[in-house]
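Dear colleague,

Please find below the structure that I am handing over to you. My notes on it follow directly after.

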Amino acid sequence: MSDHDQLLVIVDPVARRNDGESVRIAKDVLSAGAEAKICLPDGPEEFCRALARRGSRRPVVLGDDRALLRTVALLHRERELAEGALSLVPIGAPDDLEVARALGVPRSTPAAARAVLHGAVRRLDLLVDDSDGVVLGDLLVPGAPDLAPAASVWGTCRSLVRTLVRPAPSALAVRTHRLRVEADGVLLADVDAPVEGLSVRSAGGTAEVTVHPSAAPPRRATARTLTVSGPDFRYRADGRVAGPVRRRTWTVRAGAWGLTLPRDPVRELLPPA
């Protein structure tokens with residue numbers, strides 16, 4: 001990073017509320033290594049305004065996956081995503097940092113802050129849908145909300161009671177869905193043949209699509225455009241559920257955004273000397 005590089009450090013309010021100590025450490029490391037302007041927005045609207053007023057400063061987000069997704073989505077909508085690069089210091093519960101971890105951002109606060117100062121920009125693909133939504137990592141169709149903890153507990157109790165009064169079934173029933181799946185216009189599945197679902201991940205400028213038929217081996221393809229249609233379905237993008245929709249098209253934008261990552265990922269896993 002240039003000695004004259006200026007940072008706009010935007011602290012997500014959830015991170016500030018839940019882990020103030022990690023926020024303090026990140027601010028100290030960043031301020032010691034660069035000219036950093038610290039913004040403490042109180043909510044999503046102030047977060048977006050701070051980002052929009054960044055000027056020539058490089059944005060650094062202190063927060064979880066949701067904060068990163070909000071930042072990428074906003075810059076995409078403003079058609080400013082290709083300009084410059086983003087940086088992230090992940091702060092949050094492990095389940096809320098799965099996207100950051102998959103992208104290669106260091107897990108520890110000091111290591112992530114050092115990567116902001118001394119790392120290199122890596123251009124990453126982006127999945128963009130026909131409603132202008134973005135996907136950074138994995139896409140699953142269909143996606144269903146997770147059961148609430150209480151519901152899970154009661155479900156476990158009911159299963160235990162059923163097991164005690166009669167033999168357990170040999171296998172759990174698998175829910176199937178009727179979806180039409182087209183990859184670059186090539187038909188991979190149609191509504192007359194049930195599927196258990198499909199998974200998508202962008203890599204190397206294309207989307208790797210895997211369809212899981214209910215009674216056949218998986219079907220795989222690479223494509224730049226994927227269209228899924230059928231009865232109302234939900235999908236899970238970056239761990240979050242969206243929909244229901246009857247049709248959705250995703251297009252891969254190769255190298256659409258930049259993220260600052262460690263130059264030497266192995267070294268960043270080691271504690272400082």
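Glu21, Arg24 and Asp28 are linked in a network of salt bridges, a salt bridge being a side-chain nitrogen of Lys or Arg within 4 Å of a carboxyl oxygen of Asp or Glu. Arg24 is partly exposed at 39% relative accessibility, and Glu21 is partly exposed at 45%; buried means under 20% relative accessible area, exposed over 50%, and partly exposed in between (1.4 Å probe, protein chains only).

Please note that this is a predicted model, in which local features need pLDDT of at least 70 and side-chain atom pairs count only at pLDDT 80 or more, whereas totals for chains, interfaces and linings use all residues. Residues are numbered from 1 along each chain as its sequence is written, and side-chain values use heavy atoms, with hydrogens and water left out.

The count of salt bridges comes to 12. One of them joins Glu80 and Arg54, with the closest N and O atoms 2.9 Å apart. This pair links distant parts of the chain, 26 residues apart: Glu80 is in the loop between α4 (65-77) and β4, and Arg54 is in the loop between α3 and β3. Helices (H or I, at least four residues) and strands (E, at least two) are DSSP runs, numbered from the N terminus. Glu80 is partly exposed at 27%, whereas Arg54 is buried at 12%.

An open sheet of 4 strands has the order β2-β1-β3-β4 with parallel pairing, where two strands pair if DSSP finds at least two bridges between them. Its edge strands are β2 (35-39) and β4 (87-90). Strand β1 (residues 6-11) pairs with β2 over 5 bridges, and Leu8 stands opposite Lys37 in β2. Helix α2 (residues 20-33) lies across β1, β2, β3 (58-63) and β4, at about 160° to β3; axes are lines fitted to C-alpha atoms, for helices over the stretch in contact, and angles run from 0 to 180 degrees between N-to-C directions.

Arg224 lies in the loop between β12 (219-223) and β13 (225-237). Contact means heavy atoms within 4.5 Å; not counting residues up to four places away in sequence, Arg224 touches Asp184, Gly205, Thr206, Trp250, Thr251 and Val252. Ser202, in strand β10 (residues 195-203), is buried at 14% relative accessibility.

Yours sincerely
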